[in-house]
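Here is a note for a colleague who is opening this entry for the first time. Please keep the sequence and the model in view while reading the numbered points.

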Amino acid sequence: MWLGHNRFTRNVKTEENQKMVTIISGANQATVDVAGRTVSQILEQYRSAFNIPAGAKATVDGRPAAGTDVVKSGARLVFAAATAEKGL
């Protein structure tokens, strides 16, 4: 929602106009302007800053995500280390 331009709200944009995505990896969390990028692009940019482990699995809003999936504004992108599975 654009608030317009007047002497009180000069060039003010609300969060709706920004491309914000919440990224989580372990204890690291931030809301950043990356919507419209793929999971792989975001992973590449934030791997070291968020200490994302090699082989981490991505989920977007609780659903498994592929590297080619485009992340939409308002999404919650989580990178989690793959867990070991015990064979039966």
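1. Helices (H or I, at least four residues) and strands (E, at least two) are taken as DSSP runs and numbered from the N terminus. On that basis Ala27 sits in the loop between S1 and S2. This is a predicted model, in which local features need pLDDT of at least 70 and side-chain atom pairs count only at pLDDT 80 or more, while totals for chains, interfaces and linings use all residues. Residues are numbered from 1 along each chain as its sequence is written, and side-chain values use heavy atoms, with hydrogens and water left out.

2. As to the overall layout, the chain holds 1 helix and 5 strands, and from the N terminus on these elements follow the order β-β-α-β-β-β. Of the 88 residues in the chain, 27% are buried, where buried means under 20% relative accessible area, exposed means over 50%, and partly exposed lies in between (1.4 Å probe, protein chains only). Among the chain's contacts (heavy atoms within 4.5 Å) between residues at least 6 apart in sequence, 44% join residues at least 24 apart.

3. The hairpin deserves a look of its own. S1 (residues 20-25) and S2 (residues 28-33) run antiparallel and are joined by 6 bridges, and two strands are said to pair if DSSP finds at least two bridges between them. Met20 has Asp33 in S2 as its bridge partner. Between the two strands of the hairpin lie 2 residues, and Gly26 in the turn has a positive phi of about 60°.

4. Beyond its neighbours within four places in sequence, Thr22 is in contact with Gln29, Ala30, Thr31, Ala75, Arg76 and Leu77.

5. Arg76 lies in strand S5 and, at 47% relative accessibility, counts as partly exposed. With residues up to four places away in sequence left out, Arg76 touches Thr22, Ile24, Thr59, Val60 and Asp61.

6. Which residues of helix H1 (residues 39-46) are buried? They are Val39, Ile42, Leu43 and Tyr46. Seen down the axis of H1, these buried residues fall within an arc of 100° (taken from the directions from the helix axis to the C-beta atoms), so they line one face of the helix. Their cover includes S1, S2, S3 (57-60), S4 (63-65) and S5 (76-80).

7. A search of the whole structure finds 1 aromatic pair. Tyr46 and Phe50 form this edge-to-face pair, at 5.6 Å centre to centre and with 80° between the planes. Rings of Phe, Tyr and Trp (its six-membered ring) pair if their centres lie within 6.5 Å, and planes under 30 degrees apart count as stacked, over 60 as edge-to-face and the rest as tilted. Both Tyr46 and Phe50 are buried.
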